[in-house]
Amino acid sequence: MHVRPMTKEDNQAVMTLVKRSLEHLDLALPGTAYFDPHLDHLYDYYQTHTPGNYWVLEHEHTIIGGVGIAPFSASESICELQKLYLYPEFQKSGLSHQLMLTALSFAKKHYRSCYLETHTDLKSACALYEKYGFESLGHPLNGSEHSAMNVWYLKNLSDTDL
């Protein structure tokens with residue numbers, strides 16, 4: 001298994017990963033990444049939102065997970081951790097840590113803080129974020145786009161050893 005930057009050819013596989021993951025979690029709802037207007041061409045989105053990138057995790061030439069970093073709103077100092085998904089059969093195997101380390105290492109080089117939005121139903125995701133030093137905000141930052149999310153985290157990247 002290895003993490004690599006997304007290519008244009010990965011668009012369909014990543015869209016399927018995101019949608020199936022949200023369907024599995026009963027979160028295929030308006031206000032989630034399921035209805036993200038950029039979901040079918042994520043590669044292009046990350047190429048135009050710099051500094052940003054999306055990485056995929058491959059197992060036997062199949063994409064089984066992914067994560068992205070993109071600028072958050074109009075701020076030059078805050079990025080957003082986006083679309084961290086791993087197929088259910090690969091969860092609880094430590095693979096999400098590979099994705100987090102890849103994303104946060106990149107983010108630390110370009111930003112001062114990292115923001116993310118998630119849902120309380122995603123208890124293991126919340127535990128993962130808290131393990132990496134994300135602190136709950138209690139409210140979304142201005143510019144938030146995913147109205148169905150109900151937990152918002154922010155991490156100071158300058159204090160991070162990765």
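**View 1. Leu 57 of the predicted model sits opposite Gly 65 in strand E3.** We start at the pairing of strand E2 (residues 53-59) with strand E3 (residues 62-71), which run antiparallel and are joined by seven bridges. Helix H4 packs on the sheet too, where it touches E4, E5 and E7. Its direction makes about 170 degrees with that of E5.

**View 2. Glu 60 turns up in the loop between E2 and E3.** Have a look at its backbone: phi is positive, at about 50 degrees, although Glu 60 is not a glycine. As a reminder, most residues other than glycine have a negative phi, and most peptide bonds are trans.

**View 3. A cis peptide bond links Thr 50 to Pro 51.** Omega for this bond is near -5 degrees. Pro 51 belongs to the loop between helix H2 (42-48) and E2.

**View 4. Here is the whole sheet: seven strands, open, with mixed pairing.** Reading across, the order is E1-E2-E3-E4-E5-E7-E6. The edges are strand E1 (2-5) and strand E6 (135-136), each of which pairs on one side only. In general, strands of a sheet pair through backbone hydrogen bonds, either parallel or antiparallel.

**View 5. Helix H3 lies across a run of strands.** The strands in question are E1, E2, E3, strand E4 (78-86), strand E5 (113-118) and strand E7 (151-156). Against E4, H3 runs at about 160 degrees.

**View 6. Helix H3 (residues 95-110) and helix H4 (residues 123-131) cross at roughly 45 degrees.** Their axes come within 11 Å. With that angle, H3 is oblique to H4, and the crossing is right-handed. For orientation, two packed helices are described by the angle between their axes and the distance between the axes.

**View 7. Zooming in on where H3 meets H4.** From H3 come Ser 96, His 97 and Met 100, and they meet Leu 128, Tyr 129 and Lys 131 in H4. Sorted by class, this contact has three nonpolar residues, two polar ones and one charged one.

**View 8. Zooming back out, the chain has four helices and seven strands.** Its elements run β-α-α-β-β-β-α-β-α-β-β from the N terminus on. The radius of gyration is 14 Å, close to the 15 Å that the globule rule gives for 162 residues, so the chain is as compact as a globular protein of that length. Along the principal axes, the C-alpha atoms fill a box of roughly 35 × 30 × 30 Å.

Conventions
Residues numbered from 1 in each chain as written. Predicted model: local features only at pLDDT ≥ 70, side-chain atom pairs only at ≥ 80, totals over all residues. Heavy atoms only, no water. Axes fitted to C-alpha atoms, helices over the stretch in contact; angles between N-to-C directions. Helix = DSSP H or I, 4+ residues; strand = E, 2+ residues; numbered from the N terminus. Parallel < 35°, antiparallel > 145°, perpendicular 65-115°, else oblique. Left-handed = near helix turned anticlockwise from the far one by under 90°. Contact = heavy atoms within 4.5 Å. Nonpolar A, V, L, I, M, F, W, Y, C, P; charged D, E, K, R; others polar. Pairing = 2+ DSSP bridges. Rg over C-alpha atoms; globule rule 2.2 N^0.38 Å.
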